[in-house]
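Subject: Structure handed over, with notes on what was found

Dear colleague,

Here is the structure that I am passing on to you. Please have it open beside this message while you read the notes that follow.

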Amino acid sequence: MAQLKPTRKRSWGRAVPYLFIFPWIFGFLVFTLGPLLFSLIISFFDWPIVGEVHFIGFGNYAEMFTDDPLFWTSLGVTLKFAALFVPLNIIVALGLAILLNQKTRGSAIFRTAFYIPSVISGVALAMIWSWVYSGDYGILNYFLSLIGFQGPDWLNDKQWSLVAMVVASLWGQGSMMLIFLAGLKGIPRDLYESASIDGAGKLRQFFSVTIPMITPTILFNLITSIIAAFQQLTLALLLTGGGPMKATYFYAMYMYENAFKYFKMGYSAANAWFMFLIVLGLTFLVFKSSEAWVFYEGEMKKNPQEKLKAQGRRRSL
């Protein structure tokens, strides 16, 4: 018995760390991995919320591509939105981070002020922007009238509604701004001093020092922006409802309506998995291209000839 006690204590000691992470593992299996696999399964079924379930194989996917014009409409709107939103989101967040990185009095207050919109709920944000964009009493058209311009009815104009959605979505990029700010804080001051001694001005320092040093941060924010663009739903649902004339009918809204308006859960799951494949493909392309433009500290990029020589040496070994 004296020999078993240390063994039991040792076994219990090994189990303790797993007990601490068990709540997360349980939550991941029940609330993330489980629903994910279940959605994949029901995507191969005709699965109404009320009624009989029938296995149809790839029928949902075939219908999506060949017999549903709203699929292509929503996908086109989302791609247009992503093409506008992703670069603007990165540029605005980086610009704000650079401004807040300056050593000025009260910078902490400005950081808080710029971050607060990102924690506002989507419903409250939609109410604010509905007031801003109103064609009759909106504050945006009021300021435009002061300089002699007659603003459109932003949310009900097919030409401007998508642009209005992009601007409203940019309002909550405080988290990305803080990530960029953290990346800027990590750049050694010695690099700027060396560049200044060599005669580089502020603009040259920005493109030759700042941008290369924060490319890992840009990569992270680029991927998260792409994901956010394809998940856009709340603002469009509350501000325009997909209108006018489907100009803001995003892919996420298309999935939402198939599931909770038309009660086609299997078809909506197929829509969701196709969106997952699109985002996965875009993320893969971004990661693949990052080999050419992302620089990590202590790493030197090789030109293609040096890479081929290195591969040849490895093969010979």
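Ile21 is partly exposed, with a relative accessible area of 41%, where buried means under 20% relative accessible area, exposed over 50% and partly exposed in between, with a 1.4 Å probe and protein chains only. Ile21 also belongs to a nonpolar surface patch, whose other members include Tyr18, Trp24 and Phe31, and the patch has about 1200 Å² of accessible area together. Patches are made of residues with over 30% relative accessible area and no salt bridge, with like charges joined within 9 Å and nonpolar side chains (Val, Leu, Ile, Met, Phe, Trp, Tyr) within 5 Å; accessible areas come from the Shrake-Rupley method with a 1.4 Å probe, and for residues only the protein chains shown count as cover.

Before going further, please note that this is a predicted model, in which local features need pLDDT of at least 70 and side-chain atom pairs count only at pLDDT 80 or more, while totals for chains, interfaces and linings use all residues. Residues are numbered from 1 along each chain as its sequence is written, and side-chain values use heavy atoms, with hydrogens and water left out.

As for the chain as a whole, it has 15 helices and two strands, and 35% of its 317 residues count as buried. The chain exposes about 20300 Å², of which carbon and sulfur atoms supply 68%.

The loop between α12 (234–239) and α13 (251–260) holds Pro244, and a cis peptide bond with omega of about -5° joins Gly243 to Pro244. Met245 has its place in the loop between α12 and α13, and its phi is near 55°, a positive value in a residue other than glycine; with 68% relative accessibility, Met245 counts as exposed. Thr240 also lies in the loop between α12 and α13, but Thr240 is buried, with a relative accessible area of 18%. Leaving aside neighbours within four places in sequence, Thr240 is in contact (heavy atoms within 4.5 Å) with Leu155, Met165, Leu235 and Thr248.

In the loop between α13 and α14 (265–293) lies Phe263, where phi is near 60°, again a positive value in a residue other than glycine. Phe263 is partly exposed, at a relative accessible area of 44%.

How many salt bridges does the count come to? Taking a salt bridge as a side-chain nitrogen of Lys or Arg within 4 Å of a carboxyl oxygen of Asp or Glu, the count comes to one. Lys264 forms a salt bridge with Glu63, the closest N and O atoms being 3.9 Å apart. Because Lys264 lies in the loop between α13 and α14 and Glu63 in helix α2 (residues 59–66), the pair ties together parts that are 201 residues apart in sequence. Lys264 counts as partly exposed at 32% relative accessibility, and Glu63 counts as partly exposed at 29%.

With kind regards

Definitions and conventions:
Helix = DSSP H or I, 4+ residues; strand = E, 2+ residues; numbered from the N terminus.
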